[in-house]
Amino acid sequence: MRHPTPTTTDETAPFWQGAGEGALVLPRCTGCGRWRWPVASACPGCGAPLHWAPASGLGTVLTFTVVHRAASDALAADVPYVVALVALDEGVRLLSNVVGCAPSEVSAGRRVRVAFEPAEHSGIMVPVFVVCEPAGPTRCAEDGATYVTYHRLEPHER
Amino acid sequence: MSRTVAIAGVAELPHGKTGWPSTMALHEALVRAALDDAGVPPDTVDVLLTVAPRSDPYLVHAVAVAERLGLSPAHCHSYEAGGAGPVLMLRAAHDLLRAGAGRSAVVVAADLPLTGVSREAYVRNLAQVGPVHPEFEVPFGPTVPAMFALVARAYLDAYRLDDEALAAVARHDRAMAAGHPNAHQRGPMSLPAYRDSRMIAEPLRLLDCAPVSDGGGAVVLVADQPAADRRWPAVHLAGSGAGTTGLHLSFASSLTEFAAGVALEGALQAAGRRRADIDLALIYDCFSIAMLVNLEDMGFAARGHGAGVLQDRAAGAAGRLPVNTHGGLLSHGHPARAGGMSNLVEAVIQLRHAAGDRQVEGCATALVHGMAGVFASHAAALLVREEAA
C-alpha cells in the first residue's frame, strides 16, 4: 500500500525507530505494567512514568472495513484495501491495515501479526498486519517481551 | 433577578449546491433573515457566535462576520466543537444573555463546501483536520466514512444485523426530507435503490453517507422581549448537557457505545424533565450508523433495535418518537462545518407549530443533539414551547 507519511514528533521517535528495525514498540507503565496507548507522559491509571517496550506484535481483528473510495489520489490504486482496528494481546488497540490477503479473508476475531511497510516519500516504516495461519502463534506471554515475533514483509508478500 | 431568554428568530436557506459568492455573503444573509424573523433591530445584538468555515482564514471568524454586518457586539467568539457547535453556541448565548451580557444574541453556522474556492479548501482540509489521527491513523488511509464503517461493522456484528438496519435510517430520513423545501436530497429511496448505491467503505454505501452540501442556519435569542414585540410563540432552552469520550477511534473504550446518552442525561437533569416528555428528537446523523448508535445511547431503543424506532414511524405507526422530521444530515444536508445547525432550526420551527405538513402534532418539547467527530463529543439541548416552559 502507498501509505501516507505520518506526522511524527520527537516524543514518539521510539515508536518509529522500532518500526524501522522491525519491532512494534509501545508505551508501558513502569508502575502497574499495563500497556498504554496513546502516548502520554504518565500512566492514566496509576500515574507512574511510561517507558517504551517491545510488544508481541500479535493481536485480533476487532472490526474492519474494506475501503472502496480511497482517502487520497495516491491511495486510489490500492482500493479495495482493509482498514482494521486490531486489539493487541497487550490490551491496547492499533488502527492499521490488514495486508497480504484478499479482503474477504478478513473477519472480526481473526488473529493477526505485525509486519512493516514503508510510507510513501519518507520511507518511514509503518506497522501493518497479516493474518496468522490457523496454527499460527498463540497469545503472547504476560510480560510481552519474551515472544517478540517481528516480521518484515518481503516485496512479494505485500 | 434572572432574565427570561427566548429563541425569537431562526433562518435557513436551501441546502445543496447554492452558488453563494462567499461564505461571508451567506452568513450575512442568514443573520439578517434571522433578525428579521425575530423582529429584533440589528443594533441590539450584543453577542455573536459562529463556527469558522475551514476555507475562511480569519483570526476570529465571528469578529469578521460582525464587521461584515456593520455590528459591534461586545461578545464575539467562534467555536471549535465540530457538529456539537450549534447546541453549545446556543447554550453559551443563552447563558450570556441570562447573565446580563446584552439584549440579543445571534448564533450562526454556515459553509459552502460545494461552491467556489471553499470546495477546494474543504476537500484539502478534511484530510488534514478531520477526525483522523495525523500520526497513528493517517498512514493507513482511513477516510471519514471508513471510520464510521468500523463502528458500523462492529455494531452489525454485535447485534447480528444486516444492511437493512442501515437502510432503515437512510430511507427514513429521505422520506422525511421529501416534505422540507430546504432539504438537499428529496427524491424517493427504495431498498433496491439503497442497495444499488456504490460501496464507499463496507458496510457503508453512498446512501449511508450525508451529502456534502452548501447551507447553514442562524438563531436569534432575545432577553426579556416584551410579549407585544414577539412574532412567534417563544421557544426556551429548558436545559442542556454534554458528553465526551475521545477524539480518535483508535483510543475509544467501546466501538458501539459512546457519550450521546451522557449528554442527554445532563440535559434532562438540567431541565427537570424525563425522556418520555420528548415529542421530537433531532439526532446528529452524518452517517446512517450514527443515528442507530446515538438513538440507543440515548435510551430511545434497546441495543441493536434503533432501526425499529424509524421503521415503525415510516410505516405510519402512531405514538412512536418522531425523529429528524427535516430529513437529518443524511438528506437535509451536511454543510461541512455547519453540520447540526439544521437540527436546531427544525426544533424551533416545530415548537412554533409552523412546520406545515411535517408538523409533529402538539410538539412542546424537542431534543436537539449534536456530535463532533466519530462519536467523539456530544451535546444535547431540550427546547420547549412557551406554555410548556
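Q: Read along the sequence, what pattern does chain A follow?
A: This is a predicted model, where local features need pLDDT of at least 70, side-chain atom pairs count only at pLDDT 80 or more, and totals for chains, interfaces and linings use all residues. Residues are numbered from 1 along each chain as its sequence is written, with chains lettered from A and ligands numbered from 1 in written order. Helices (H or I, at least four residues) and strands (E, at least two) are DSSP runs, numbered from the N terminus. Chain A has 1 helix and 7 strands, and its pattern reads α-β-β-β-β-β-β-β.

Q: Which strand stands opposite Val86(A) through Leu94(A)?
A: Two strands pair if DSSP finds at least two bridges between them. Strand 4 of chain A pairs antiparallel with strand 3 (residues 58-67) over 8 bridges. On that side, Phe64(A) stands opposite Ala84(A). Leu94(A), facing Val86(A), lies in strand 5 of chain A.

Q: Which residue in the turn between strands 4 and 5 of chain A has a positive phi?
A: These strands pair in the antiparallel sense over 6 bridges. They form a hairpin with 4 residues between them. The positive phi, about 100°, belongs to Gly91(A).

Q: Why is strand 4 of chain A largely enclosed by the rest of the structure?
A: A residue is buried if 20 or more other C-beta atoms, placed from the backbone, lie within 10 Å of its own; 12 or fewer means exposed, and in between is partly exposed. Of the 158 residues of chain A, 39% count as buried. Strand 4 (residues 81-88) is largely enclosed because its buried residues number 7 of the 8.
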